[in-house]
Amino acid sequence: MIPETLSSKLFSAIGIGVALVSPGDLTLRLVNPTFSQWFKGVSIGDPLADVLDEGALQRLKDGLASDEPFTMDVAGKAGRRTIDIEVTVRQARHDDEAMVLLECQNISRLRQTEAMIDSYAAMVERKERELEREKVQAEKLLLNLMPRSVYEEYRAYGSVMPRLYEPVSVLMIDFVGFTDMAVAADPTVTVSELNDIYTAFDRIAELYGCERIKTLGDAYLAVAGLPHPNPDHVRAAAQCAVKMIRFLKRRNETHPHTWRARIGVATGPVVGSVVGVQKYVYDVFGPAVNQAARLQQCSEPMEITVPKEFASELIDDFSLDKVRTETLRGFGDVQVARLKERRTQPASRSFEMLS
Amino acid sequence: MAAPSGTSMFSKYGGFAAVRGLVMDFYDRVLDSEIVGHHFDNVDMRRLVDHQTRFIAGLMGGPAELDEGRLARAHRHLGISGEEFEEIVDLLSQTLSAGGVAESDCDSVIETVERFRHDIVTERRP
């Protein structure tokens with residue numbers, strides 16, 4: 001047994017607040033110094049109502065209806081500070097008299113730690129959202145530089161294997177007199193119009209399954225049949241070219257600046273790859289690219305020039321005229337023709353949506 | 001606020017685990033202070049802990065940014081005196097030293113806090 005004096009000293013010294021309450025009138029029968037300090041200096045004989053506010057008192061009364069111990073959170077004071085106290089309420093007996101035992105623990109630290117974790121979690125979540133947004137931005141930027149499937153490969157392996165695509169159709173567009181225009185007009189206007197036109201070209205290309213590879217100043221390069229093979233690549237490129245010319249014609253009718261383009265379309269194999277390490281770009285190489293560029297140079301303004309052998313593939317929807325032989329650097333003498341839309345063909349509805 | 005190695009002080013001292021101790025210690029010191037404690041008598045504990053967690057994490061280059069405008073708005077109506085500001089700086093410096101933060105890092109944190117003096121001290125000297 002613990003000596004009587006020791007347990008009373010212990011009772012005074014422990015860091016938890018202890019009180020005994022008469023269940024009848026709810027007055028304090030015994031309090032230790034810690035309890036007294038936390039609750040406004042109450043002492044024996046004071047009503048429990050001095051300790052607990054109305055709501056807490058009601059909760060205590062409700063809890064006492066059952067014999068089970070229960071806990072409730074109340075506010076107390078330690079010096080100047082408000083502290084969080086968890087009260088465990090038990091029914092007990094002392095010398096055959098019913099008693100209610102209140103055990104009070106200071107759980108402020110626990111509550112503070114919870115608050116801190118919440119605060120930190122919110123901070124981290126906010127950061128994560130920012131990172132996610134940046135990731136999306138970076139992805140968007142990279143998707144502008146390369147086709148999605150190439151980007152996926154780049155993301156998974158950190159590099160892209162050069163790949164041969166065969167056969168594809170290459171579309172090369174160049175504007176007539178752009179250099180003079182850029183200098184003569186307000187450069188910001190010129191660039192903003194170019195931006196406008198390229199945006200429309202991108203939508204046309206997407207609509208006909210062509211992939212824009214790059215623009216270089218006023219030159220625009222798109223490929224049909226890459227990265228996914230398309231057996232109808234010649235027709236896709238031809239349709240794309242025709243719609244682009246048509247878009248420019250319409251635009252010129254309503255805009256003060258006239259934009260006139262030459263287009264060349266050629267087919268053949270190309271190699272697609274990311275080139276560069278720090279400043280990488282996705283690019284395509286091959287004779288089809290060069291030939292499209294040469295054919296573009298043979299075009300009159302607002303005309304599309306293609307090799308004559310396209311006729312067999314395109315005869316249903318397009319007409320080819322101005323058949324002639326041109327000497328193309330690197331290719332020798334090549335039979336070429338002008339590609340035109342068949343007049344009888346009804347306007348494509350999807351293109352109407354574009355303009 | 002980056003430590004010389006290029007990584008933030010926040011990661012150098014062990015991330016949130018280290019900051020956790022600092023925040024709690026600083027919280028206690030501030031509330032028990034004779035000079036500034038009274039400002040916090042009726043402040044909601046969760047708000048204060050939230051503020052101090054961001055404050056210390058922000059000072060050490062953790063995932064929070066210190067926003068001068070926010071700091072100024074939060075302190076404007078309190079009429080903080082120069083003496084009270086210095087007490088906070090003092091308590092922060094004690095907290096960091098007790099938490100094992102190197103003197104040079106301590107100095108750089110205090111330097112950062114000093115930059116906010118004009119946003120926080122609003123009481124005019126008599």
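Predicted model: local features only at pLDDT ≥ 70, side-chain atom pairs only at ≥ 80, totals over all residues.
Local features were taken only at pLDDT of at least 70 and side-chain atom pairs only at pLDDT 80 or more, whereas totals for chains, interfaces and linings use all residues. Residues are numbered from 1 along each chain as its sequence is written, with chains lettered from A and ligands numbered from 1 in the order in which they are written.

Chain A contains eleven helices and 13 strands. Helices (H or I, at least four residues) and strands (E, at least two) are DSSP runs, numbered from the N terminus. Chain A has 355 residues, of which 28% count as buried. A residue is buried if 20 or more other C-beta atoms lie within 10 Å of its own, exposed if 12 or fewer, and partly exposed in between; the C-beta atoms are placed from the backbone. Of the contacts in chain A between residues at least 6 apart in sequence, 54% join residues at least 24 apart. Two residues are in contact if their C-beta atoms, placed from the backbone, lie within 7 Å.

Chain B has seven helices and zero strands. Its pattern along the sequence is α-α-α-α-α-α-α. Of its 126 residues, 25% are buried. Among contacts in chain B between residues at least 6 apart in sequence, 74% join residues at least 24 apart.

Two antiparallel pairings link strands 3, 4 and 5 of chain A. Strands pair if DSSP finds at least two bridges between them. Strand 3 (residues 70-78) of chain A is joined to strand 4 (residues 81-94) of chain A by nine bridges. Lys77(A) stands opposite Thr82(A) in strand 4. The hairpin of strands 3 and 4 of chain A has two residues between the strands, and Gly79(A) there takes a positive phi near 65°. Strand 4 of chain A is joined to strand 5 (residues 97-106) of chain A by ten bridges. Gln91(A) has Val100(A), in strand 5, as its bridge partner. Two residues also separate the strands in the hairpin of strands 4 and 5 of chain A, where Asp95(A) has a positive phi near 50°.

Helix 7 (residues 187-207) of chain A has 21 residues, which should span 30 Å at 1.5 Å a residue; its end C-alpha atoms are 30 Å apart, in agreement. The expected span is 1.5 Å times one less than the number of residues. Ile197(A), Phe201(A), Ile204(A) and Ala205(A) are the buried residues of helix 7 of chain A. They lie on the same side of the helix, because they cover an arc of only 95° around the axis. The arc is that of the directions from the helix axis to the C-beta atoms. The face turned away from this buried side carries the exposed residues Thr188(A), Val191(A), Ser192(A), Asn195(A) and Thr199(A). Gly209(A) follows helix 7 of chain A and has a positive phi, near 70°.

The largest nonpolar core has 54 residues. Such a core is a set of buried Ala, Val, Leu, Ile, Met, Phe, Trp, Tyr and Cys residues joined through C-beta atoms within 7 Å. Val170(A), Leu171(A), Cys240(A), Ala241(A) and Val265(A) have the most contacts inside the largest core. Helix 8 (residues 233-254) of chain A gives the most to this core, eleven residues. Not counting residues up to four places away in sequence, Cys240(A) touches Leu171(A), Ile204(A), Ala205(A), Tyr208(A), Cys210(A), Ala222(A) and Ala224(A). Another core lies apart from it and has 26 residues, including Tyr13(B), Tyr27(B), Ile56(B) and Leu96(B).

Helix 2 of chain B has 17 residues and reaches 24 Å from its first C-alpha to its last, close to the 24 Å expected at 1.5 Å a residue. Its buried residues are Ala18(B), Val19(B), Leu22(B), Val23(B), Phe26(B), Tyr27(B), Val30(B) and Leu31(B). These pack against strand 4 and helix 4 (108-145) of chain A, together with helix 1 (9-12), helix 3 and helix 5 (82-98) of chain B.

The contact between the chains takes 17 residues from chain B and eleven residues from chain A. On the chain B side, helix 2 (16-32) and helix 3 (45-59) each supply at least two residues. Helix 3 of chain B gives the largest share of that side, seven residues. The chain B side divides into ten nonpolar, two polar and five charged residues. Here Ala, Val, Leu, Ile, Met, Phe, Trp, Tyr, Cys and Pro count as nonpolar, Asp, Glu, Lys and Arg as charged, and the others, Gly among them, as polar.
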